[in-house]
Amino acid sequence: MPGGRHGDGSMAIVPDEMEVERRLPPGQHIPRGRPVVHYGRVPPFRPERWSLMVFGATASGTETKLTWPEFRALPRVTVVADFHCVTRFSVLDNVWTGVPATTLLELVPPAPEVRHVMIWAEYGYSANLRMSDFTSPQTLFATELDHQPLTPERGHPVRLVVPHLYAWKSVKWVRGIEYLVEDRRGFWEERGYHNIGDPWREQRYSYQEEPGEGPP
Ligand SMILES: Nc1nc2c(c(=O)[nH]1)N[C@H]1C(S)=C(S)[C@@H](COP(=O)(O)O)O[C@H]1N2
Ligand SMILES: [Mo]
């Protein structure tokens, strides 16, 4: 619980500084409020036209298209997680509700040789992930933040959340999951950002990549 008793005996909801310190990856700070960050425009949501395509190296060799009613019917879980943007702000204790990535993997199994995924958004934004990051129990296709439906600028109706990686991997306005046998760079990974993006290892830029951390 955040909060504590002041010297004068009054109670206040103040974050415990040592706790915050421990939860902030190197080079990160807590901003005022909750910034909204994205490249380009906020797309409109038209439920009758929306679909989530699961394609690439599927086990069946065919692609699956989920409609909005089909996606909405999938079981959801709630995860509390911190959020770290590479522009150096972090937002603690976000309450995300959504469909675990593992649920989609069970629904549309990948071919056995799949090691990576590309997540696709409206307007062609994308981010690549190792399968091991995608299968994290914290990785969700979120539909709610803090028990409210996502607002348009936060990714409504569905955004990916990968809390243990820099937030450019948390793709808003998701429309596709592509199974990859070989790794390929997404939007920011092609533009100088790290292929993996672990904030605890401060993997910000592609020039920091070690052999084996990016596509050849
Ligand atoms: N489709 C899409 N998703 C995106 C982005 C984007 O430009 N387009 N920006 C990313 C970046 S860099 C960050 S920090 C987070 C910001 O999420 P927020 O607006 O909820 O803070 O969204 C990520 N997801
Ligand atoms: Mo970001």
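Ala, Val, Leu, Ile, Met, Phe, Trp, Tyr, Cys and Pro count here as nonpolar, Asp, Glu, Lys and Arg as charged, and the others, Gly among them, as polar. By this scheme, the shell around ligand 1 holds eleven nonpolar, two polar and two charged residues. The model is predicted. Of the 15 residues around ligand 1, the nearest are His38, Cys85, Ala121, Ala167 and Lys172.

Strand β3 spans residues 51-56 and pairs with strand β4, residues 64-67. These two strands run antiparallel and are joined by four bridges. Within this pairing, Val54 stands opposite Thr64 of β4. Strand β3 also pairs with strand β12, residues 174-180. Here the strands run parallel, again with four bridges. Phe55 faces Glu178 of β12 in this arrangement.

His156 and Pro157 are joined by a cis peptide bond, with omega at about 10°. Pro157 lies in the loop between β10 (148-149) and β11 (159-161).

Two residues other than glycine have a positive phi. For Asp93, phi is near 60°. Asp93 sits in strand β6, residues 90-100. It has 12 other C-beta atoms within 10 Å, so Asp93 is classed as exposed, the cut-off being 12 or fewer. For Tyr123, phi is near 65°. Tyr123 belongs to the loop between β7 (116-121) and β8 (126-130). Tyr123 is partly exposed because 14 other C-beta atoms lie within 10 Å.

Conventions
Residues numbered from 1 in each chain as written. Chains lettered and ligands numbered in written order. Predicted model: local features only at pLDDT ≥ 70, side-chain atom pairs only at ≥ 80, totals over all residues. Near = placed C-beta within 6 Å. Pairing = 2+ DSSP bridges. Buried ≥ 20, exposed ≤ 12 C-beta atoms within 10 Å, placed from the backbone.
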